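We'll go stop by stop, with something to click on at each one.

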Amino acid sequence: MTATTSSLRGRVVPSKQKAARQVKLDPFVARTLLDLAAVDRVTSAAEHRRTHLPALSVIADGEVRAAVARRGVVAADTEVSDLKRATNKLDAEVEQVRARSRRDSDRLAAGSATPRELAGLQHEIESLKRRQSTLEDAELELMEQRETAEGVLATARRSLAELEADIAEAVATRDAAFVEIDAAVAVEQAKRTGLVAGLPADVVALYSRIRDQGKVAAGELLGARCGACRIEIDRIALGQIKSAPIDAVVRCPECGALLVRA
């Protein structure tokens, strides 16, 4: 720290201390601020843990992947359904060809047809056989496609089930952690209520304004070091702090925390 910086900080302290001196606190009660700061640190840590649980990432990532997997299941299921309808349609066509072929064969075997009709029946039977063969080949191809599609569907459903199981496990882990964290926070809040009740309202208001800035609001003066920000206070500011009345509420010139003097 340069001499210039020290000098500047030394000049800033009086205005801060002047504002702080308007707030008074019994030195025997002042250490309650340290207990309050400790409670708030525990609470903040618990709240941070609540929003940074590993299970939350597992759930968020799992939901994204599960959404993709669900779309995959829907697409695969649609393809299987389409192939089923196509196969059923071919089955019906094949059965129609077979029925007509049987009728023609029966007429041919009965011998009641004229020579011209016989020739026509024989020609139609041959045509029907070729048609049946073509349809059966197409049906076989569809069955193979359907088997492949059903395999894809089964894999997609299995992957989705695994993802949903992982999500459910992470949700259970998260919920259990939330119960534990919330219980711990409730205990700290109860402690906090008791501590705040023993402090003057103006001191609590000042403490709260500092904490609302996201800072540690109180710390013990440890030699020349602030127990809140862990920064060493320059000589001039330290002298002003130590010379302040014993019941004056003094603040760290670096972080603004309320300093509790021994």
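First, a word you'll need throughout: a residue is buried under 20% relative accessible area, exposed over 50% and partly exposed in between, using a 1.4 Å probe and protein chains only. By that rule, 32% of the 262 residues of the protein count as buried. Bear in mind that this is a predicted model, in which local features need pLDDT of at least 70 and side-chain atom pairs count only at pLDDT 80 or more, while totals for chains, interfaces and linings use all residues. Residues are numbered from 1 along each chain as its sequence is written, and side-chain values use heavy atoms, with hydrogens and water left out.

**Stop 1: the whole chain**

Switch to cartoon. Helices (H or I, at least four residues) and strands (E, at least two) are DSSP runs, numbered from the N terminus.

**Stop 2: helix α3**

Select residues 32-51. This is α3, with 20 residues, and its first and last C-alpha are 29 Å apart, close to the 28 Å expected. That expected span is 1.5 Å times one less than the number of residues.

Colour α3 by burial and you'll pick out its buried residues, including Leu33, Leu36, Val39 and Asp40. Go to Thr32 next: it counts as buried because its relative accessible area is 18%. Leaving out residues up to four places away in sequence, Thr32 touches Leu195 and Leu199.

Slide along α3 to Thr43. Buried or exposed? Thr43 is buried, because its relative accessibility is 1%. Beyond four places in sequence, Thr43 touches Val185, Glu188 and Gln189. Draw a C-alpha to C-alpha distance from Thr43 to Ala184 too: 8.1 Å in space, for residues 141 apart in sequence.

Before moving on, show Arg50 and Phe178. Arg50 lies over the face of Phe178, at 3.7 Å from the ring centre. The test for a charge over a ring is NZ of Lys or CZ of Arg within 6 Å of the ring centre and within 35 degrees of the ring normal.

**Stop 3**

Select residues 54-110 for helix α4, then find Lys89 in it. Lys89 counts as exposed because its relative accessibility is 56%.

**Stop 4**

Two strands pair if DSSP finds at least two bridges between them. Here 4 strands form an open sheet with mixed pairing, in the order β2-β1-β4-β3. β2 and β3 (250-251) are at the edges, each with a single partner strand, so one side of each has no neighbour in the sheet.

Select 218-222 for β1 and 258-260 for β4: these run parallel and are joined by 3 bridges. Ala218 is opposite Leu258, and Glu220 has Val260 as its bridge partner.

β1 and β2 make a hairpin with 2 residues between them, and Gly223 in the turn has a positive phi of about 70°.

Carry on to Arg230, in the loop between β2 and α7 (235-243). Its phi is also positive, near 70°, in a residue other than glycine. Most residues other than glycine have a negative phi. Arg230 counts as exposed because its relative accessibility is 52%.

**Stop 5: the cores**

A nonpolar core is a set of buried Ala, Val, Leu, Ile, Met, Phe, Trp, Tyr and Cys residues joined through side-chain atoms within 4.5 Å. In the largest one, of 20 residues, Leu25, Leu33, Val203, Tyr207, Val249 and Leu258 touch the most other members. The elements giving it two or more residues are α3, α6 (201-211) and β4. Apart from this core lies another, of 18 residues, among them Val80, Leu128, Leu142 and Leu153.

How values were computed:
Contact = heavy atoms within 4.5 Å.
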